[in-house]
Amino acid sequence: MSKAEKPLILVCNDDGIFSPGIKALAEVADEFGNVEIVAPDRQQSAVGHAITVSTPLRSRSFMIDNRFSGQAVSGTPADSVKLAHNQLLNRKPDLVVSGINHGSNAGINILYSGTVSAATEGTILGYPSIAFSCTNFSEDADLSGCQDAARKVIGYVLNHGLPRGVTLNLNAPSGPLKGIRWARQANSRYVEEFEGRIDPHNRSYYWLTGKFQLLDQEEDNDITVLEQGYAALTPIQYDLTSYPLLRELENIQL
Ligand code: MN
């Protein structure tokens, strides 16, 4: 296969273009095609699907690891994918991958995650897109199992594609891969979310902490699958409509 025929894989994340995780994902993507990295120029975790509308965006070219061409964007993960699609890539990507995030994006984290939102933006733009996260926050975490999972999932998606409107979200524990299981997004939330303190000028400030709470009883949820040592793979969608309730409510005249 000539270089031009290789799939183009756009790699993004939310931890910033210089995080170890994005390099780990680029290495796997490189086995399947030509890699272009377009990602935020700084840490952007938990910005969700935010986009920049009131300030200009800038991008700077970098070589990552002396190996991958990358563009650092002065915006959010969703900005980065939009800008890559619209301005920075020479051709349309065949696949968008985001991660490997340092920290879990299972359960309710999906909603807050910039990593997942970069992939979701890829889906909105019409590209098959996958988010990858490792449950270990440490930048030194062993990502080899998550890389193995990424290898399997990327191979599958390049061969089979994904239905329009659906993004894949993969979470893996650190260390060797035990296996991949399909899972639901766990019913979960954070409690006790702020710690209040007093600054040197005697003003109050608050720091988000939060304790993760699993509310799910069934075993097929992503958090429980991860606790059992497996990688959890969840198809997610940006259409937030509750269809069962809509069907019910359609009969009510307001
Ligand atoms: Mn992150």
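Helices (H or I, at least four residues) and strands (E, at least two) are DSSP runs, numbered from the N terminus. The model is predicted: local features need pLDDT of at least 70, side-chain atom pairs count only at pLDDT 80 or more, and totals for chains, interfaces and linings use all residues. Residues are numbered from 1 along each chain as its sequence is written, and side-chain values use heavy atoms, with hydrogens and water left out.

**Exercise 1. The chain as a whole**

Task: State how many helices and strands the protein chain has, and compare its radius of gyration with the globule rule.

Solution: 
1. The protein chain has seven helices and 13 strands.
2. The radius of gyration is taken over C-alpha atoms, and the globule rule is 2.2 Å times the number of residues to the power 0.38.
3. For 254 residues the rule gives 18 Å; the radius of gyration of the protein chain is 19 Å, which is close, so the chain is as compact as a globular protein of that length.
4. Buried residues (under 20% relative accessible area, with exposed over 50% and partly exposed in between; 1.4 Å probe, protein chains only) account for 46% of the 254 residues.
5. Take contact to mean heavy atoms within 4.5 Å. Of the contacts between residues at least 6 apart in sequence, 76% join residues at least 24 apart.

**Exercise 2. The manganese site**

Task: Which residues coordinate the manganese ion, and where in the chain do D14 and S45 lie?

Solution: 
1. Donors are N, O and S atoms within 2.8 Å of the metal (3.2 Å for Na, K and Ca); water is not among the atoms, so sites may look incomplete.
2. The manganese ion is coordinated at 2.1 to 2.2 Å by D14 (OD), D15 (OD), S45 (OG) and N101 (OD1).
3. Along the chain these donors follow the spacing D-D-x29-S-x55-N.
4. D14 sits in the loop between strand 1 (8-12) and helix 1 (20-30), and S45 in the loop between strand 2 (34-40) and strand 3 (59-64); the pair is 31 residues apart and links distant parts of the chain.
5. D14 is buried, at 2% relative accessible area, whereas S45 is partly exposed, at 35%.

**Exercise 3. The cysteines**

Task: How many disulfides does the structure contain?

Solution: 
1. A disulfide is a pair of cysteine sulfur atoms within 2.5 Å.
2. A search of the whole structure finds zero.
3. For C12, the nearest cysteine sulfur belongs to C146 and is 16 Å away.
4. For C146, the nearest is that of C134, 5.8 Å away.
5. C12 is buried, with a relative accessible area of 0%, and C146 is buried, with a relative accessible area of 0%.

**Exercise 4. Two helices**

Solution: 
1. In helix 5 the buried residues include C146, A149 and V153, and their cover includes helix 1 and strand 5 (95-102).
2. Just after helix 5, G161 takes a positive phi of about 70°.
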